[in-house]
Number of protein chains: 2
Amino acid sequence: MKIDKSKKFLIVGLGLLGGSYAQALSDQGYYVTAITKERASIEYALEHKLIAKGSDFVDEELIKEADIIVFALYPHVFVEWIEEYGNLIKPKTVVTDVTGVKGCIVYKIQALLPEGVEFISAHPMAGKETSGVENADKSIFANANYIIVPTEKNSLDTVELCGDLGETLGFREISVLSPEKHDKMIAFLSQLTHCIAVSLMYACDEPDLERYTGDSFRDLTRIANINDSMWSELFLSNRETLLAEMDNYRKAFDKLYDTIKNENREEMREMMRLSTARRKKFNKPKKAGAEL
Amino acid sequence: MKIDKSKKFLIVGLGLLGGSYAQALSDQGYYVTAITKERASIEYALEHKLIAKGSDFVDEELIKEADIIVFALYPHVFVEWIEEYGNLIKPKTVVTDVTGVKGCIVYKIQALLPEGVEFISAHPMAGKETSGVENADKSIFANANYIIVPTEKNSLDTVELCGDLGETLGFREISVLSPEKHDKMIAFLSQLTHCIAVSLMYACDEPDLERYTGDSFRDLTRIANINDSMWSELFLSNRETLLAEMDNYRKAFDKLYDTIKNENREEMREMMRLSTARRKKFNKPKKAGAEL
C-alpha cells in the first residue's frame, strides 16, 4: 500500500540515492524537504522541484515537521550525525536509511535514538556508476529489490510502513532480512562482485586492450568504475563477512584453475554445467523493456 | 571496402555464428551456400533465406563453386575436416574461420591446405548466450570487434579481403594481430572473464539469492550461462596462456584481499582509483542506442 499523502518527508544527505528518493516522492505529490552539506545540492534540488524546502545546516524546523526521516549518508557519517543531532528528532518520527551494510549500523542507531523514535533500516538495491544529486533518477528503483532489515526492537506497524515506502518508491520486490543475513548476502552479491571487477581491471596492464574487447569484459568491469571512498568504507564495515565470501569464491576459482592445469575436461564441464543451471534462476523477471 | 557482389560464399558449420554470417551476407544479395551436419539446420536456413543451397554431407559441388569458404566449427572439428576434405578445395579459394583460439589452429591449417588455397584466420568477437542457427542474428556484429590474424604466409591482398569481409558483415572495428598476441589478449579479455563468471556461480550455493540481487551480480554472471563443450575446448586449446592470465588476476585479487584483511584503507582506495581510471577507456564509443 502506498504511504498516506499527508506524511512529510525529510531526506538527510542529497546524493544520488537521497536525490532519487526526493524525486520519486515529490513527483507523486508528497511534501519533501532536505538537509545536506552542500549549498549547491540544495539549490539544484529546489530548482528541479525535488524538494519543497532545504537547508545546508541542521535546521531544527525541518526535523520537527518531518514524520519520516530518510538518512542517505555514508555509514560513519550517519552514526556521527545521530550521535550529535539525534536528540532533535521528535517522538513518533520514523527514521529509515539506505545504508549498504547493516550489522555495524542498525543496533547502534537504535540504541542512540531518543525514546519514541523508531529506526527501521532498509537497503534499496539500486544505484548507478555516478554520484551526486544531479544524477538523481527515480527510474533506478523500477525492477530493483528493496530489503527491509528489522531487529526485534521494531514494531510490526513500522516494518509495514517501511515496506509501503519501498512500494511508494516503485521497487519491484520487497523482502525482509535480519541484519546478519543481509550482510552475508550483500558480501556475496554486491561486495564480492565489486572486488572481482576492481581486481580484473587492476590486472589489466596491457595498453590498447579496449580495441579488442567484447561485451563480456565490459559487463564484468562496468562496476570497476567505483567510488573509492564509499566502497572502501562498505568493505571495511563488513570486513569479516566479506573476507569469508572472498575465500569461498577463491576456492571455486582455484578448483577451475586446477581442472585447466590438469586438463581435467570432464570436471571442468561439470563446473560449467552447474554454473549454467544456477545462472538461470537469476534471469530478470520479464517486464516491458527489461533485459535478461 | 565491401566485397565484390560476384563472390560466392560457402559456410561450413551452421551454428549461431555461421548462421549469422549467412544471414548478413544473403540479406545483402551475396550467393551463400552451407554444409553442416544437421539436416534440420539446412532446412531452417533455406526456409529463412539464410542460404541459397545447402547440404548435410560434404558436397563437392558446393566446395568447387565457392570463392570464399568460412569455417564456423569447433577447433578440433575444423582441423579434422581439413585433414579429411581439404584436398577438395580448388586453387584460388580463400579460406577463413571464426575460431576463438589461433596459435593451435592457424599454422596447422595453413600447412594442411593444398597449394594455391590461402587460409586467412579471423576472429569475429561477437556472440550470444544461445547457440544454433535458429538464433542467427546479424545484428550481433554491429558495434563489435573483428580481428584478422595473419601469418607471414599470407598475402597482403588476402589480408585486405578478410578485412573487407569484416566490413561487409558490419563490424565496428577491424584490427590485425599475430596468433600469439591474439591468444594472450583473448585469454585475458574473454577466457578469464568466463572463468570468473563460472567460479562465482559455482561458489553461489545459498538458495534464494536471486530474490536480493542487483544488476552488478547479473552483469558479472551473464556469461556463466556457458556452452561447456565449446568453452572447455577453447580453454584447453589455450591452456598455458590462460593459466598465466589467471595467475596474474589472482595476484590482483589476493592483493585486494590483503588490503581488506589488514584494514589498509589507503592502498585499497588506490587500487579502486586505478581501476576506475583504467575502466574509462573501455566505455563503448557512443552510437545510436549504444550503452556504455
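Through which surface do the copies, chain A and chain B, meet? They meet through the same surface, because 100% of the interface residues of chain B are also interface residues in chain A.

## Basis of the report

This is a predicted model, in which local features need pLDDT of at least 70, side-chain atom pairs count only at pLDDT 80 or more, and totals for chains, interfaces and linings use all residues. Residues are numbered from 1 along each chain as its sequence is written, while chains are lettered from A and ligands numbered from 1 in the order in which they are written.

## How the two chains are related

## The contact between the chains

Chain B gives 70 residues to the contact and chain A gives 70 residues. Two residues are in contact if their C-beta atoms, placed from the backbone, lie within 7 Å. On the side of chain B that touches chain A, the elements that each supply at least two residues are β8 (145-149), β9 (173-176), α7 (179-202), α8 (215-221), α9 (228-237), α10 (239-261) and α11 (265-280). Such helices (H or I, at least four residues) and strands (E, at least two) are DSSP runs, numbered from the N terminus.

By class, this side of chain B has 37 nonpolar, 16 polar and 17 charged residues. Ala, Val, Leu, Ile, Met, Phe, Trp, Tyr, Cys and Pro count as nonpolar, Asp, Glu, Lys and Arg as charged, and the others, Gly among them, as polar.

One helix pair spans the two chains. The axes of α11 (residues 265-280) of chain A and α9(B) come within 9 Å and cross at roughly 130°. Axes are lines fitted to C-alpha atoms, for helices over the stretch in contact, and angles run from 0 to 180 degrees between N-to-C directions. The two helices are therefore oblique to each other (under 35 degrees counts as roughly parallel, over 145 as roughly antiparallel, 65 to 115 as roughly perpendicular and the rest as oblique). From α11(A), the contact takes A:R265, A:M268, A:R269, A:M272 and A:R273, and from α9(B) it takes B:D228, B:S229, B:W231, B:S232, B:F235 and B:L236. These residues divide into 5 nonpolar, 2 polar and 4 charged.

## Two domains in chain A

Chain A is assigned domain 1 (8-177) and domain 2 (182-280), with bounds from an automatic or database domain assignment. Their centres, taken over C-alpha atoms, are 31 Å apart. In the contact between them, 14 residues of domain 1 meet 13 residues of domain 2. On the domain 1 side, α4 (75-85) and β8 (145-149) are the elements that give two or more residues. That side has 7 nonpolar, 5 polar and 2 charged residues.

## Helix pairs within a chain

In chain A, the axes of α7 (residues 179-202) and α10 (residues 239-261) come within 9 Å and cross at roughly 65°. Residues A:D183, A:K184, A:A187, A:F188, A:Q191, A:L192 and A:C195 of α7(A) meet A:T241, A:L242, A:E245, A:M246 and A:Y249 of α10(A).

In chain B, the axes of α10(B) and α11(B) come within 8 Å and cross at roughly 145°. Here B:L256, B:T259 and B:I260 of α10(B) meet B:E267, B:M268 and B:M271 of α11(B).
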